[in-house]
Amino acid sequence: IAFLDSVHSVVGGGSDFTTRPWFPQFSDTFDRIGELSGISYVYEPNDDGVQVATSGGVLNTRADIRIGGRPIDGAFGILAFNFFPTDGDMVIDTNETSFFSSSSNNYRGVRNVIAHEHGHGLGFDHVWPRNQTKLMEGVISTAYDGLQLDDLLQLQRGYGDALEKSNGGAGNDTAANASDLGTIASGSTVSIGTDASSVSTTITPAMTDFVSIDDEGDIDFFKFTVTAASTADFTLTPKGATYNVGASNGGDVSFNAAAQNDLSFQILDTDMSTVLTTVSAGGLGVAESTTGLSLPAAGTYYVRVSGATTNEIQLYQLDVSATATIVNVSADDAGDNGSNNAAADDYQIVQNGGSIEIYINGNLSQTVSASTTIVINGSDDDDTLTIDYSAGDVIPSGGLTFNGGAGTNTIVVTGAGNVTN
């Protein structure tokens, strides 16, 4: 602390180290590692001064990961060292004043050293070749900012992706704990794992969306919701670039990060157990996909992603698209009027910004995609359907059906459209 205060010209900083100008160099680094993995870091403000690498962490007494400093080998040499698990403590060379005071690129060099040394604390060794593409190379570089692809693979291989700490640490290994992809609007796509590349080993600080199967026993569940019966498309793509890597003593080999574990997936019905389809034909390093899967009703569906029997990590991207199929409309949707109550019902469909709005008795009932099929079901009441072309073509690509029922039924066409019977 005294060393860091001196290189940052801190005088009388007090006991709250979180206010020090050097504190973000550490907190930002640990936050970044936590952002990309299943590890959660919590700052422990207390320390009882026992020697590093001799005692484990104790809540409100000392941290699991402790950071200290002492002279090591003079300036321009070893910057720091770190103990391997189960200790994990870090020691900074207090002779390296010039390096640890350099603010270039928001103290990138300092942050890279902290992340590199903590990598050892997580169990990672040095890697080869030294070509400034991997944080865990034996010589520090500022050509990159933080963990790169090879480092991310080591991190998630050992500690899982960030979703593994969801649900209070239970992760997303069961349907009940599925990670929520949200509601898919008709005609749109939701994706996860979008920051993983198939061509580049570079990871920038803005990249956070990485998911993986980290071994042969890992399972990831996701859920998504559709608001109407739909057809859905799914694609599961293994991700990762090809690069050379090896142990710190050299002898590196070509490594294809996109072909480490053969992925497959299942789609589960809204009951979380009925399997609608299993997709596993692609093979190692090949995307798995299925199109036009019927989702028979509105509700929440589930995707189960898994690997093969290979004890290797595989980054991936999952894309889910859905398009509503049939939209059924009746006067019962109006809420205060209803069917078969001797009161006439008026239906109107109109285009609005590429979507179709359906009105019942003057009230907006729902807005649907222009790719759906709309079925309007009248009743024994008198029913009127107004097809309004004034804002553009209002007939959906799936067609429009009007089941008028037993009453006196009328179709009114307004605007510039044409009607074909």
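Some conventions before the structure. Residues are numbered from 1 along each chain as its sequence is written, and side-chain values use heavy atoms, with hydrogens and water left out. As the model is predicted, local features need pLDDT of at least 70 and side-chain atom pairs count only at pLDDT 80 or more, while totals for chains, interfaces and linings use all residues.

I start with the five-stranded sheet. The sheet is open, its order is β5-β8-β15-β12-β13, and the pairing is mixed. Strands here are DSSP runs of E with at least two residues, helices are runs of H or I with at least four, and both are numbered from the N terminus; two strands pair if DSSP finds at least two bridges between them. The edges are β5 (179-183) and β13 (275-279); each has a single partner strand, so one side of each has no neighbour in the sheet. From one strand to the next, the twist averages 20 degrees. Axes are lines fitted to C-alpha atoms, for helices over the stretch in contact (heavy atoms within 4.5 Å), and angles run from 0 to 180 degrees between N-to-C directions.

Inside this sheet, β12 (residues 264-268) and β15 (residues 299-306) run antiparallel and are joined by five bridges. Serine 264 is opposite serine 306 of β15.

The other sheet is open too, with three strands in the order β4-β10-β11 and antiparallel pairing. Four bridges connect β10 and β11, and threonine 242 has asparagine 256 in β11 as its bridge partner. Helix α5 (residues 149-159) lies across β4, β10 and β11, at about 65 degrees to β10.

Now the rings. The whole structure holds 13 aromatic pairs, meaning rings of Phe, Tyr or Trp (its six-membered ring) with centres within 6.5 Å; planes under 30 degrees apart are stacked, over 60 edge-to-face, and the rest tilted. One of them is phenylalanine 23 with tyrosine 43: the centres are 5.1 Å apart and the planes at 80 degrees, so this is edge-to-face. Phenylalanine 23 is in helix α2 (residues 23-35) and tyrosine 43 in the loop between α2 and β1 (67-70), so the pair ties together parts 20 residues apart in sequence.

Which of the two is buried? Phenylalanine 23 is, at a relative accessible area of 15%; tyrosine 43, at 40%, is partly exposed. The cut-offs are under 20% for buried and over 50% for exposed, with partly exposed in between (1.4 Å probe, protein chains only).

Finally, Phe224, Phe234, Phe265 and Tyr301 form one aromatic cluster.
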